[in-house]
Amino acid sequence: MGSQVPLEPRGRDSGPVFSGVAPEIIEDTLIHLATENEQYLSELPEQAGYFKETRIVEFIFLLSEKWHLDQSTRYQAVELLERFMIKQVEQMRDDRESTEGRDQGQRSSWSSVRDQITNTFVLRLVSCVQLASKLSLHYSELLESELAVLNTLHFHINVSTPLAYVELLLEVLGYNGCLLPAKPLHQLCVQLLDFCYLTRETIYDTLLKIAIENSTPSKLQIAKFLTVKEDFMLLAVGVISTGVFILSPGHWEQVVEHLNFITGITPQSILEFSYAVVRRIVGSTTPEQHRGKCGTKSPEDRIPPQK
């Protein structure tokens with residue numbers, strides 16, 4: 001299993017130790033993450049992504065930095081807050097409609113729900129950061145607001161984050177013989193993952209327009225694209241691809257081939273995601289398309305054509 005790693009101060013993350021895990025464990029973990037990701041996408045609520053706007057993500061990132069929390073905590077806090085708020089809104093609206101009557105409730109419930117959310121939102125956000133931190137540090141103290149989050153989520157808070165997908169895929173790439181600078185690439189991938197969270201809407205808007213080859217997507221296409229926006233495996237693959245393109249462009253095609261083989265995500269989809277990220281970083285014109293050379297399972301396969 002490799003040599004022991006010196007202990008770091010509590011709350012600081014020294015990063016992953018690559019090539020320190022048996023291949024069979026990596027394979028089992030990859031299968032588990034892929035299954036978890038597919039199950040989440042199959043049950044995706046229509047409000048998914050609503051609470052991941054830039055202001056919210058930036059607040060969580062800044063708070064995590066202020067408290068010197070490790071890298072995974074910030075992503076887990078974002079996902080916890082997103083899932084909690086969606087469930088809370090659903091519960092509050094259901095309760096309101098059942099007490100006021102359906103017609104009247106539809107007119108007035110959202111206003112009341114919105115007011116209640118606004119009054120407690122910052123508290124819930126901080127609670128999610130604290131829960132993610134305590135989960136990371138194995139703390140057991142829980143405050144009243146944290147218990148409210150736990151109860152709403154039925155105590156299911158140990159959700160995988162995109163960072164877990166990135167780190168596992170980097171480990172697999174190493175075992176598959178990709179000669180990459182592991183630590184610098186990991187650091188760059190974390191920066192790119194932060195960037196993708198903070199510029200989420202712009203990146204996925206670009207990706208959607210590439211997928212449908214149209215600058216004005218329909219409401220149905222936007223709704224269908226939600227599974228692409230919430231696909232952690234696609235996000236991780238896109239982040240790694242972009243990182244390799246920036247850090248070690250000579251290995252980019254090899255890495256894309258390996259990522260395609262590992263995850264089943266087509267090279268075209270990986271190219272398009274990397275383009276959307278790089279375009280947001282440096283700006284660009286219409287991407288060069290290579291349609292017809294790649295297999296299935298690309299983002300556009302999930303979206304109906306423009307009528």
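Predicted model: local features only at pLDDT ≥ 70, side-chain atom pairs only at ≥ 80, totals over all residues.
**Exercise 1: the overall fold**

Work out which kinds of secondary structure the protein has, and how much of the chain is buried.

*Solution.* 
- Start by counting elements: there are 13 helices and 0 strands. Read from the N terminus, the order is therefore α-α-α-α-α-α-α-α-α-α-α-α-α.
- Next, turn to burial: 46% of the 307 residues count as buried.
- Then look at the contacts between residues at least 6 apart in sequence: 77% of them join residues at least 24 apart.

**Exercise 2: the nonpolar cores**

Find the largest nonpolar core and the residues with the most contacts inside it.

*Solution.* 
- The largest core holds 76 residues, and Ile60, Leu173 and Ile240 have the most contacts inside it.
- Helix H3 (residues 71-100) gives the most to this core, with 10 residues.
- Another core, of 5 residues, lies apart from it; Tyr40, Leu41, Leu44 and Ala48 are among its members.
- Now zoom in on Leu173: leaving aside residues up to four places away in sequence, Leu173 touches Cys178, Leu180, Ile240, Val255, His258, Leu259 and Ile262.

**Exercise 3: helix H13**

Check the span of helix H13 (residues 267-282), then find what its buried residues pack against.

*Solution.* 
- At 1.5 Å a residue, the 16 residues of H13 should span 22 Å. The end C-alpha atoms are 22 Å apart, so the two values agree.
- The buried residues of H13 include Ile270, Phe273, Tyr275 and Val277.
- The buried residues of H13 pack against helices H7 (182-198), H8 (200-212), H11 (232-247) and H12 (252-263).

Notes: Residues numbered from 1 in each chain as written. Heavy atoms only, no water. Helix = DSSP H or I, 4+ residues; strand = E, 2+ residues; numbered from the N terminus. Buried < 20%, exposed > 50% of the residue type's maximum accessible area, 1.4 Å probe, protein only. Contact = heavy atoms within 4.5 Å. Core = buried A, V, L, I, M, F, W, Y, C linked by side-chain atoms within 4.5 Å. Expected span 1.5 Å × (residues − 1).
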